[in-house]
Amino acid sequence: MQEFVYYNPVGLDFPLDEAIYVTSNIEETKDANFLISNSTEIDCEVSADEIDFYIKNSLDPISKKIENVYKLYEIAALKFDLAQDITYTQNIGNKVLLIANSDDAKSFISNINPNEFDLFQVDESIIKSISGHIGNLSVVVDDEGKDVILKVDQIVWFDIKELGLKQSGSFDPTKSSINEVIQTLRKNIDEYEYRKFTTYDSNICQYHERREEVCGRCEEVCPTTAIIKIDSKKHLEFSQIDCHGCGGCISICPSGALDYAPISRNSIFEMAKEFRDFIPLIIPNKMNISSVNVPLKENVLPFKIEGEKFLHETSFLTILQESGSQLIFFTDFLSKGSKDAIRILNEIYTKKYGKKAIFVAMNEEELKEALQEVDFIDKSKFSYNQEDERKRETFAVRLSALVGQEDLGVVKTGEHLHYGKVNINEDKCTLCLACVGACNVDALKAYPEDNTLRLNPSICTACGYCELSCPEKDCLTIQQDIIELNPSWFLQRVVAKDELFACVECGKEFATKKAVEKIANIMGPIFANNPAKQRTLYCCENCKPKVMLSADISKNQIV
């Protein structure tokens, strides 16, 4: 099987790498299996329209174009190989709910075959609620004061309202056309295909099984019912069939518990390495670039991605440092997480290099302006093997390399991207380690070998759960939404330390000195008239009952 094919009915005015099958006759491709093509007209796994976009617009010399076209094929193949977006199928029946006025309903019905669908028609004024997903939709309607549930597979809603946008399976002909919607309905019947867009690690989720809610941003930004919080047990429930694949939940997730299946953090890293000594032009799939005519200055390569909202501070910084360049993000929409990440990285790069990191171009004019300014940044290149590392750890290592030994001040984070600094009053800390148990990203760790509590502020998500878990008053507080751009920020530091207390009976070290003294100060006055009980306050768990038993025996013997 030849993996790469280039099809152009009018041909090319320069040759391509011999690994690419080039043809101007589409009939020659009919019986072949191709992995990557430049055209949607070819039957293949991936259609990479960035290839023609580059050929048409690049100012690279011919020799470089030949090399770079092959590189774009390789990058597209790499993206395909590393994708984790598994395809599933759902059985779909032919029950369709039509929500329309009489004129729109007539137009729709006139375009379908008789008895093609099991059709229900209602006016939108009686719709009360919609739940479920494509193939299993429940629509509650008001039938003269009584709630009636309609079970349908798909919904056609002219001028659809917010109520119908949450679940999968609703289609609006005014957004496309009646014929397009009918074709979609027909295609979905029997087996509807959908993809897995998100992967999830509950171990570092800041919502999962917390006693109190400290995070739930993913559900807040989800435009559908693809993510639901089960508050009774603090679990997230995912409905991949309802997911649009936008990736907004990925960029907003503080710990990296959520990742984007089509292009994971590992995938971004591997592809970013292909952009070393190139200027990346990031383009979401939804952007129509076939009609875009802008001169791409030399060494600019398109970086095509699926989804437009999943890029976060770690993925952006990975691309920036692997390429050693500024980058352009050509998109008509910025997610909350991506917007915060771009602002923060631009501020950091300005402090370090006197230049912004990322240009956002939301239309063709802005793209032309950005292409005039974008360039490589001297000494900004940095690479290390970040495969399978968590989001925060990767960002910390990369940011540490950027900061070096300088003190660049402080950058403010938030409102959608949170970093913070845990402050501990060592005088009040008893090393109970409740905070360590609360921290599931290992920003706070206990070291029993020297009885210390240590903090790495660079990987703290500022979730606040450690603060809620600390039993001591005014002991642990969090300074929210800051990153200190100095070397010490990235180093694990001792924030509390104590000596172990030895049992007064057997000499066994069983607790920290501060913990024993705290309990003794509280219970001492209560046990003032009982010397044995007072002594147990300084005993290990094995000696406490022995002391009390000895005291009782002595008391009975005296009596």
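A residue counts as buried when its relative accessible area is under 20%. In this predicted model, helix α14 spans residues 513–523 and has A515, V516 and A520 as its buried residues. Seen down the axis of α14, these buried residues fall within an arc of 130 degrees, so they line one face of the helix. An α-helix has 3.6 residues a turn, so residues three or four places apart point the same way. Among the elements that cover the buried residues of α14 are β29 (500–502) and β30 (509–512).

Two packed helices are described by the angle between their axes and the distance between the axes.

| Helix pair | Axes come within | Crossing angle |
|---|---|---|
| α7 (residues 265–273) and α8 (residues 313–323) | 9 Å | roughly 20 degrees |
| α8 and α11 (residues 391–403) | 9 Å | roughly 40 degrees |

The axes of α7 and α8 cross at roughly 20 degrees, and that makes α7 roughly parallel to α8. The crossing of α7 with α8 is right-handed. From α7, I268, F269, A272 and K273 meet S315, T318, I319 and E322 of α8. The residues of this contact comprise 4 nonpolar, 2 polar and 2 charged.

For α8 and α11, the crossing angle is roughly 40 degrees, which makes α8 oblique to α11. Here α8 passes α11 in a left-handed crossing. On the α8 side, E313, T314, L317, T318, Q321 and E322 take part; they meet K391, R392, T394, F395, R398, L399 and L402 in α11. The residues of the contact of α8 with α11 divide into 4 nonpolar, 4 polar and 5 charged.

Conventions. Residues numbered from 1 in each chain as written. Predicted model: local features only at pLDDT ≥ 70, side-chain atom pairs only at ≥ 80, totals over all residues. Heavy atoms only, no water. Buried < 20%, exposed > 50% of the residue type's maximum accessible area, 1.4 Å probe, protein only. Helix = DSSP H or I, 4+ residues; strand = E, 2+ residues; numbered from the N terminus. Arc of directions from axis to C-beta. Contact = heavy atoms within 4.5 Å. Axes fitted to C-alpha atoms, helices over the stretch in contact; angles between N-to-C directions. Parallel < 35°, antiparallel > 145°, perpendicular 65-115°, else oblique. Left-handed = near helix turned anticlockwise from the far one by under 90°. Nonpolar A, V, L, I, M, F, W, Y, C, P; charged D, E, K, R; others polar.
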